[in-house]
Amino acid sequence: MGFPYFNIHSHFRDKQNAAIFQASSIQEDCWFSFGIHPWDSDSNSDFGVFHETLKHQNCLAVGEIGLDKLSGVNLDSQIQIFTRQIELSEEFQLPVIIHCVRAWNELKLLKRSLNPTQSWIYHGFSKNNILDEVLAEGMFVSFGQRIMNDQDLLKSTLDVPMNKIFFETDNKQVEIEQIFSAFANAKQITLQELKKIQFENFKRVFKKWKNG
Ligand SMILES: [Zn+2]
């Protein structure tokens, strides 16, 4: 049996693969994630549409949400909007796709205090120096295009337990197959083995996903 390529986070529609589209509204024809990005986390953030959007059968995750110290948005208000969305992810039993820029300590403390039951996935991971800590907090990590041209990062992916790793194209013009190939080569496993492992991870974490 052939497994699809799982792409857990894409800003483009990726109909060839089993992909989660980063959407700003309900999508009737593809899997999607939905949430308020930290860049948009001001006091005008509208939670009115969350309930009907998150309960939609195609909504697989809350995201991307998180903390970003490079954004102009006040950190307290980011934390407030993030926390509210974590509560919704717990209520709707949806995993979370996390955007975290220069705010790992704050995120770690929030993870500990909120103590979520749902999986948190640190997307677009690129910070080798915090990888051990992120894994120690029980988070998943998702890697993108960067592993194709950053040898140190590619090497650090080899330390991630296979049941904690995902891959994504994010907002890059790259095929998910290329990212899978880069990792499979480095890990010295076949593409087919990797696709099977990703299938197991994906169905375990994105519980609303139905194959076919
Ligand atoms: Zn993104």
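## A helix across the sheet

Helix α6 (residues 176-187) lies across β1, β7 (140-143) and β8, and runs at about 140° to β8. Contact here means C-beta atoms, placed from the backbone, within 7 Å. Angles run from 0 to 180 degrees between N-to-C directions, with axes fitted to C-alpha atoms, for helices over the stretch in contact. Helices (H or I, at least four residues) and strands (E, at least two) are DSSP runs, numbered from the N terminus.

This is a predicted model: local features need pLDDT of at least 70, side-chain atom pairs count only at pLDDT 80 or more, and totals for chains, interfaces and linings use all residues. Residue numbers start from 1 along each chain as its sequence is written.

## The sheet

Eight strands make an open, parallel sheet, in the order β1-β2-β3-β4-β5-β6-β7-β8; strands pair if DSSP finds at least two bridges between them. β1 (6-10) and β8 (165-167) stand at the edges with a single partner strand each, so one side of each has no neighbour in the sheet. From one strand to the next, the twist averages 30°.

Parallel strands β2 (residues 18-22) and β3 (residues 32-34) are joined by two bridges. Q22 has S33 in β3 as its bridge partner.

## Helix α7

L194, Q198, N201, F202 and V205 of α7 are buried (20 or more other C-beta atoms within 10 Å of the residue's own; 12 or fewer is exposed, in between partly exposed; C-beta atoms placed from the backbone). The buried residues of α7 pack against β1, β7, β8 and α6. Turned away from that buried side, the other face carries exposed Q192, E200 and R204.

Definitions and conventions
Contact = placed C-beta atoms within 7 Å.
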